[in-house]
Structure formats: C-alpha cells, structure tokens
Amino acid sequence: MAMHNLTIRVSDEQRALLAHRAGNRAVSDYIRQKLDIADSSKQTRSYKPQADAALAAKILAALGSSELAASMRDVAEAARNGALEDSDDLRLSLHAACLTIEQMRDDLVRALGLKVGAEQ
C-alpha cells in the first residue's frame, strides 16, 4: 500500500493543543486515530519522550562550565599538528573528559525519559 503525505496548516496554538492531546503519542498517530483511519497493520510509535527540565538544566550547566568543546578542539588540533605528547597527565585528562562526556550523555538520555545501558 502506497503512503502519501498530507500537509495542513495550523496555528501555534492549534499545534500546541494537538501535541497536548496526543500526550506520549506522535501527533500524526493521534490525528489518524481521531479520523478513524489508523492502520492497524502498521506498528506505530506509541511513546514520545518527555523532557525532565531539571535534568536538562543540569546537563546544560555541566556543558557550560566544563569547557569540553574548547578542550577537545585543542586536543584535536594538537593531534593534527603532531604536537600531542604521550604522557600520564594527558591520558588522565582525556580519560576524565571521556567520563564527563559519558555522564552528560547518560543524563541527557534520562532527561528524555529513556533508559541508559544497563537500566534497559
């Protein structure tokens, strides 16, 4: 069965209302259900992650105070220029940066309401 896109214009308020009524479902799934044209043979996404504002703020604060982007850019530039010296301090710094990035990733996944690695 061929599928086709259908585009309609709605105001910001109407879009917000549709998203609110859809809850954890995709808006398109909600509209199909309301129009009674949902395709029961097609598996639809039934979960739309809801962001945890406090956890998202924690991630943004960590990113803002970490200077990770600038530090990783400096490391990449030094590696490209052949100026990256192999030392215990460098290995420890890179390991700490990787752990910090991994923690931010895990926090972001949790903020989106998803499960992290072993939690699945």
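Visitor: How many residues apart are Arg32 and Asp29 in helix α2?
Guide: Arg32 and Asp29 are 3 residues apart in helix α2 (residues 27-34), so about one helical turn separates them. Helices here are DSSP runs of H or I with at least four residues, strands are E runs of at least two, and both are numbered from the N terminus. The model is predicted, so local features need pLDDT of at least 70 and side-chain atom pairs 80 or more, while totals for chains, interfaces and linings use all residues. Residues are numbered from 1 along each chain as its sequence is written, and side-chain values use heavy atoms, leaving out hydrogens and water.

Visitor: What do the side chains of Arg32 and Asp29 meet in?
Guide: A salt bridge, at 3.0 Å from N to O. The term needs a side-chain nitrogen of Lys or Arg within 4 Å of a carboxyl oxygen of Asp or Glu.

Visitor: Is Asp29 buried or exposed?
Guide: Asp29 is buried, at 14% relative accessibility. Arg32, at 25%, is partly exposed. Buried is under 20% relative accessible area, exposed is over 50%, and partly exposed lies in between (1.4 Å probe, protein chains only).

Visitor: How many salt bridges does the count come to?
Guide: The count is 2. Besides the pair in α2, Asp88 bridges to Arg91, with the closest N and O atoms 3.0 Å apart. Asp88 and Arg91 are 3 residues apart in helix α5, so again about one helical turn lies between them.

Visitor: And Asp88, buried or exposed?
Guide: Asp88 is exposed at 54%, and Arg91 is partly exposed at 46%.

Visitor: Changing topic. At roughly how many degrees do the axes of α3 and α5 cross?
Guide: Roughly 155 degrees, with the axes of α3 (residues 53-66) and α5 (residues 88-111) coming within 8 Å. Each axis is a line fitted to C-alpha atoms over the stretch in contact, and angles run from 0 to 180 degrees between N-to-C directions. α3 and α5 are therefore roughly antiparallel. Under 35 degrees would be roughly parallel, over 145 is roughly antiparallel, 65 to 115 is roughly perpendicular, and the rest is oblique.

Visitor: Which residues in α3 meet α5?
Guide: Among them are Leu55, Lys58, Ile59 and Ser66 of α3, facing residues of α5 that include Met104, Asp107 and Arg110. Contact means heavy atoms within 4.5 Å. Nonpolar covers Ala, Val, Leu, Ile, Met, Phe, Trp, Tyr, Cys and Pro, charged covers Asp, Glu, Lys and Arg, and the others, Gly among them, are polar.

Visitor: What does Asp107 touch?
Guide: Leaving out residues up to four places away in sequence, Asp107 touches Leu55, Lys58 and Ile59. Asp107 is buried, at 7% relative accessibility.

Visitor: Now α4 and α5: how do the axes cross?
Guide: The axes of α4 (residues 68-81) and α5 cross at roughly 140 degrees and come within 12 Å. α4 and α5 are therefore oblique. Leu68, Met72 and Val75 of α4 contact Leu94, Ala97, Thr100, Ile101 and Met104 of α5. By class, this contact has 7 nonpolar, 1 polar and no charged residues.

Visitor: Last one. How many helices and strands does the protein have?
Guide: There are 5 helices and 0 strands. Of the 120 residues, 14% count as buried. Among contacts between residues at least 6 apart in sequence, 53% join residues at least 24 apart.
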